[in-house]
Amino acid sequence: MINTDIIAEENDKNEANLRANYDALGEHLDRRNIDISHIKSKISSYGIAVPSWGVGTGGTRFARFPGTGEPRDIFDKLDDCGVVHQLTQATPSVSLHIPWDVAPTDDLNAKAQQVGLSFDAMNSNTFQDHSGLAHSYKFGSLSNTDAATRQQAIEHNIDCIEFGQKIGSKALTIWVGDGSNFPGQSNFSKQFERYLDSAKQIYAALPEDWTLLTEHKMYEPAFYSTVVQDWGTNLLIAQQMGDKAKCLVDLGHHAPNVNIEMIVARLKQFGKLGGFHFNDSKYGDDDLDTGSIDPYRLFLVFNELVEAESDPDFNPMHMLDQSHNVTDPIESLMASAMEVQRAYAQALLVDRATLYGFQDENDALMATTTLKHGFRTDVEPILAMARLEAGGAADPIAAYRKSGYRQKVSGERPVVSGAGGGIV
Ligand SMILES: [Mn+2]
């Protein structure tokens, strides 16, 4: 973890300017009839889960360039995730990937407590072959034509649930790489029927207070067809399973230009929006840092989420899911968590009563201007003040660089090249 004296020293440098900026923004928002402390308290209580695999360097289909001081195991990963939360106060939980993160659950619980974290959704992995498996997933897992292979994948998912119960998790996320690379290779209907049969067996093993999240992806690793290729198929799955099954929306898993915020609204309207994987993309599933390409789209997604907050039963899960190839993963995760909070704060500033009025009057220009007024407001002082008051760093990236954490762990962790990638 980072020495708290370093955080305090860095905060001392920033605090006077931050308070002046915060007070000025407070006056500005007051003139818009917005209470800045209300927005700040919403931000303070908003947590985003970090994926365990996110603290390692990802890679592409072509190569992976390991960074220095990469985590060697789940305990190193939890140290790094603890640093992300310590400085941002925005990422209180970690999402594990099984079997990458298998370890004695007592040790995991003790480590999580030590670094101030809890465990979010469990992620099963049937998109690659692990050592010791009797059957290969080369031609699919839950939808494989071979019954024994399907059974192996089902049992793995049930194992993930049982593992998760021992560490306080309440959700299982299933993403499969199943699909085909050639027209005619797979019978679409039979393949999907096999998937549904398998998923139903996993759902039957789900505890009452758990959520089953299924995640769609339009392509990769299968390049012609994917079994769960879009939100329509994903919704069919959730509807077939039952009330505990919901859809997970990964921002990168859509065709370019798809109206993701509208998918969010549709799933919410019918009680099937279960959670998010935040990232950004330019051309495909690029797994770029959240908010790095299209922050306005992220804002529009949050506009729908704020709209949905009036429903007390609406409580989707939030996780970052991105691949870091050219940055220090800890810095990218901190910056991305802050981008998520930024989009949320901006969406909270939208004057909804005024917006509804313009919508009813069909005043398109004023409606979109009202929306954009929230997006155009620089909410950084709110985010920084929330971090400062919670014991985090006003400027997490600067405090992290000042701390020398990466150099320190580089001395303790030898360079490895085989760690799990981030292409999920
Ligand atoms: Mn994802």
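The following questions and answers walk through a predicted model of one chain.

Me: How many helices and strands does the chain have, taken as its secondary structure?
Reply: The C-alpha trace of this predicted chain spans about 65 × 60 × 40 Å along its principal axes. Within the chain, the secondary structure comes to 15 helices and 10 strands.

Me: What radius of gyration does the chain have, and why can the chain be called as compact as a globular protein of its length?
Reply: For 424 residues the globule rule gives 22 Å, and the chain comes close to that value, so it is as compact as a globular protein of that length. Buried residues make up 46% of the chain, and residues 24 or more positions apart account for 79% of the contacts with a separation of 6 or more. The radius of gyration asked for is 22 Å.

Me: How far apart are the end C-alpha atoms of α10?
Reply: The helix α10 is mostly covered, with 18 of its 20 residues buried. At 1.5 Å a residue its 20 residues should span 28 Å, and the distance in the model agrees with this, the end C-alpha atoms being apart by 29 Å.

Me: Is I167 buried, exposed or partly exposed, and why?
Reply: I167 lies in the loop between α5 (147–165) and β4 (171–174), and it touches T105, L108, N109 and F119 when residues up to four places away in sequence are not counted. A buried residue would need 20 or more other C-beta atoms within 10 Å and an exposed one 12 or fewer. Because I167 has 17 such atoms within 10 Å, it is partly exposed.

Me: What distance separates the end C-alpha atoms of residues 96–287?
Reply: UniProt, in an unreviewed entry, lists these residues for "domain: Xylose isomerase-like TIM barrel". In the model the span is 35% helix and 18% strand, and the distance between its end C-alpha atoms is 18 Å.

How values were computed:
Residues numbered from 1 in each chain as written. Predicted model: local features only at pLDDT ≥ 70, side-chain atom pairs only at ≥ 80, totals over all residues. Helix = DSSP H or I, 4+ residues; strand = E, 2+ residues; numbered from the N terminus. Contact = placed C-beta atoms within 7 Å. Rg over C-alpha atoms; globule rule 2.2 N^0.38 Å. UniProt positions renumbered as here; feature names shortened; annotations may be inferred. Expected span 1.5 Å × (residues − 1).
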